Amino acid sequence: MSSLCYINGNFVPAEQASIPAMDRGFLFGDGVYEVVAVMDGLLLEFERHAARLARSLAEIGIANPLPRERLLEVCRELIRRSALREGSIYLQITRGADTKRDFAFPKGVEPTVMMFTAEKVLSVNPLADSGVRVASVPDLRWARRDIKSVSLLAQVLAKQAAQSSGAFEALMVDAQGVVTEGSSSSALLVNDADEIVVRPLSNDILPGCTRAAVLALAAERNMKVVERTFTLQECMQAREVILTSALHFVLPVIAIDDQPVAGGKPGPVCAALRTLYLRHAMATAL
Ligand code: PMP
């Protein structure tokens, strides 16, 4: 089944979907987005994604056209119409299409809502067994990374640099050598004291939904979680380095910049967190 699109109230095949050229998402990257995993035709971590969407919109002053109930309704309708069993729903809301290209917010313009389904096997992921290689890159982004903005040029360049060097993901690092996050994932490490170390939430990183779920599960199991910043150097010496994201769930890192980390193989904490996360995500799926 090809991708099904929802645009401003209408369901259309992705090939026929279009947005006005004057849309501010296109002109300015003036919008926000979410990606929600679908398994067994159900939405994973829906509440966290709905809450983050509402927050991102509020932070940039767009009235939310998809409050929780409406969002759930449209997502379910997309799943039903496309018969999606496993994959994702992407959703993007921009400030809308204007007739002029004025930087300041236009008056009387309705937000553009665009969503689409994508089929993808999520339940089986060979990367969870093999582990992934990452490449460090400078974090070139703006100062409000907590907003899930569609302005993703820095992440596009980061991912491209990583993939050009044969790595799966880019690990973004600030000028002081401190890790922020992956280009499309949150980063965690496990140290020799068996602590799960994770950068605290701030404007410097996206509040990852998978990160939040994994940390809550770890705390429930009395695993020690320490929220503090950590350096690339610490990752090189860590017992485990872990990435989390909505579509890859929890993945082990086995090399950074072609240097093996964590003994060059996936570790037990990552495997345990992945299992816990999947069980929780399926049990709470809507
Ligand atoms: N950080 C960044 C920069 C991301 O783009 C993503 C994925 N959207 C994440 C972290 C992971 O967030 P989530 O677990 O909500 O997918």
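1. Basis of the model. The structure is a predicted model, in which local features need pLDDT of at least 70, side-chain atom pairs count only at pLDDT 80 or more, and totals for chains, interfaces and linings use all residues. Residues are numbered from 1 along each chain as its sequence is written, and side-chain values use heavy atoms, with hydrogens and water left out.

2. Domains. The protein chain is assigned domain 1 (4-119) and domain 2 (126-284), with bounds that come from an automatic or database domain assignment. Their C-alpha centres are 26 Å apart.

3. Extent of the interface. Contact (heavy atoms within 4.5 Å) joins 25 residues of domain 1 to 23 residues of domain 2. The buried area, meaning the accessible area (1.4 Å probe) that two parts lose on being put together, summed over both, is about 2,000 Å² between the domains, and carbon and sulfur atoms give 63% of this. On the domain 1 side, Tyr 33, Arg 48 and Arg 52 lose the most area to domain 2, together 32% of what that side buries.

4. Two salt bridges are counted between domain 1 and domain 2, a salt bridge being a side-chain nitrogen of Lys or Arg within 4 Å of a carboxyl oxygen of Asp or Glu. Asp 146 and Arg 55 form a salt bridge in which the closest N and O atoms are 2.9 Å apart.

5. Elements on the domain 1 side. Strand 3 (31-39), helix 2 (46-59) and strand 5 (87-94) each supply at least two residues of the side that touches domain 2. Helices (H or I, at least four residues) and strands (E, at least two) are DSSP runs, numbered from the N terminus. Strand 3 gives the largest share of that side, eight residues.

6. Of the 18 residues around the ligand, Arg 52, Lys 148, Glu 181, Cys 209 and Thr 210 come nearest; a residue is near if one of its heavy atoms lies within 4 Å. A polar side-chain atom of Glu 181 is 2.7 Å from a ligand nitrogen atom. Ligand oxygen atoms lie 2.8 Å from a backbone N or O atom of Cys 209 and 2.6 Å from a polar side-chain atom of Thr 210.

7. The whole structure holds 24 salt bridges. Glu 181 also meets Arg 141 in a salt bridge (2.9 Å, N to O). This pair links distant parts of the chain, 40 residues apart: Glu 181 in strand 9 (residues 179-182) and Arg 141 in the loop between strand 7 (132-138) and helix 5 (153-164).

Notes: Polar contact = N/O pair within 3.5 Å; in protein donor to acceptor, adjacent residues only side chain to side chain.
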